[in-house]
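Please read the following briefing alongside the sequence and the coordinates.

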Amino acid sequence: MVDELTDKDFAEETKDGVVITDFWATWCGPCRMQSPVIEQLSEENDAVKFTKMDVDANPKTPESFGIMAIPTLVIKKDGEVVEKLTGFHSKAQLAKILDGYTD
C-alpha cells in the first residue's frame, strides 16, 4: 500500500525506518509510468514504507527538497534523506537501491 502524504504530515510519516516518497503530479506522463512500479514494490517489500505526494496540492515539501523535476523519489532512513532520484526508474533499479538500505 502506498500512503498519500501532505505537507502537514510528511515529517511525521517519514521519520522512522526506510521511507520512499514519490513526488508526482496528475499531468506528468513519466509520473504515471512510475506510480505502478511504486505500487508493485509496496506489495512485495514490507521493510520499506511507500508514500507519494502530489506536488501541486502540496508545494512546500517539494520546495524544501529543491525538487525541480518530477517524478522525483526521495528515500529517507530514520528521518534523514539518503537518496534523491529524478526521472523514471524501473522496478529492478528501485528494488536494488532499496535493498541497500534495508539490509
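Glu4 is partly exposed, with a relative accessible area of 41%; buried means under 20% relative accessible area, exposed over 50%, and partly exposed in between, for a 1.4 Å probe and protein chains only. This is a predicted model, in which local features need pLDDT of at least 70 and side-chain atom pairs count only at pLDDT 80 or more, while totals for chains, interfaces and linings use all residues. Residues are numbered from 1 along each chain as its sequence is written, and side-chain values use heavy atoms, with hydrogens and water left out.

**Salt bridges**

- Side chains of opposite charge can pair when their charged atoms come close.
- The structure holds four salt bridges, a salt bridge being a side-chain nitrogen of Lys or Arg within 4 Å of a carboxyl oxygen of Asp or Glu.
- Glu4 forms one of these with Lys52, and the closest N and O atoms of the pair are 4.0 Å apart.
- This pair links distant parts of the chain, since Glu4 belongs to strand E1 (residues 2-4) and Lys52 to strand E3 (residues 48-54), 48 residues apart. Helices (H or I, at least four residues) and strands (E, at least two) are DSSP runs, numbered from the N terminus.
- Lys52 is partly exposed, at 22% relative accessibility.
- Glu13 and Lys49 form another salt bridge, with 2.6 Å between the closest N and O atoms.
- Lys49 lies in strand E3 and Glu13 in helix H1 (residues 10-13), so this pair ties together parts that are 36 residues apart in sequence.
- Both partners count as partly exposed: Lys49 has a relative accessible area of 26%, and Glu13 is at 31% relative accessibility.
- A salt bridge also joins Glu12 to Lys15, where the closest N and O atoms are 3.2 Å apart. Lys15 is partly exposed, with a relative accessible area of 36%.

**Packing of helices H2 and H4**

- Two packed helices are described by the angle between their axes and the distance between the axes.
- Helix H2 (residues 29-44) packs against helix H4 (residues 91-102) at an angle of about 45°, and their axes are 10 Å apart. Axes are lines fitted to C-alpha atoms, for helices over the stretch in contact, and angles run from 0 to 180 degrees between N-to-C directions.
- H2 and H4 are therefore oblique to each other; angles under 35 degrees count as roughly parallel, over 145 as roughly antiparallel, 65 to 115 as roughly perpendicular and the rest as oblique.
- The crossing of H2 past H4 is right-handed. A crossing is left-handed if the near helix is turned anticlockwise from the far one by less than a right angle, and right-handed if clockwise.
- On the H2 side, Gln34, Val37, Ile38, Gln40, Leu41 and Glu44 meet Lys91, Leu94 and Ala95 of H4, contact meaning heavy atoms within 4.5 Å.
- By class, the contact of H2 with H4 comprises five nonpolar, two polar and two charged residues. Ala, Val, Leu, Ile, Met, Phe, Trp, Tyr, Cys and Pro count as nonpolar, Asp, Glu, Lys and Arg as charged, and the others, Gly among them, as polar.

- Leu94 is buried, at 1% relative accessibility. Leaving aside neighbours within four places in sequence, Leu94 is in contact with Gln34, Val37, Ile38, Leu41, Leu73, Leu85 and His89.
- The C-alpha atoms of Leu94 and Ala57, which are 37 residues apart along the chain, are separated by 25 Å.
- Lys91 is partly exposed, at 28% relative accessibility. Apart from neighbours within four places in sequence, Lys91 is in contact with Val37, Gln40, Leu41 and Glu44.
- Although Lys91 and Gln34 are 57 residues apart along the chain, their C-alpha atoms are separated by 8.9 Å.
- Ala95 is partly exposed, with a relative accessible area of 25%. Its C-alpha atom is separated by 14 Å from that of Glu83, twelve residues apart along the chain.

**Backbone geometry**

- Ile70 and Pro71 are joined by a cis peptide bond, with omega about 0°. Pro71 is found in the loop between helix H3 (60-64) and strand E4 (72-77).
- Asp78 is not a glycine, yet has a positive phi of about 50°. Asp78 lies in the loop between E4 and strand E5 (80-86).
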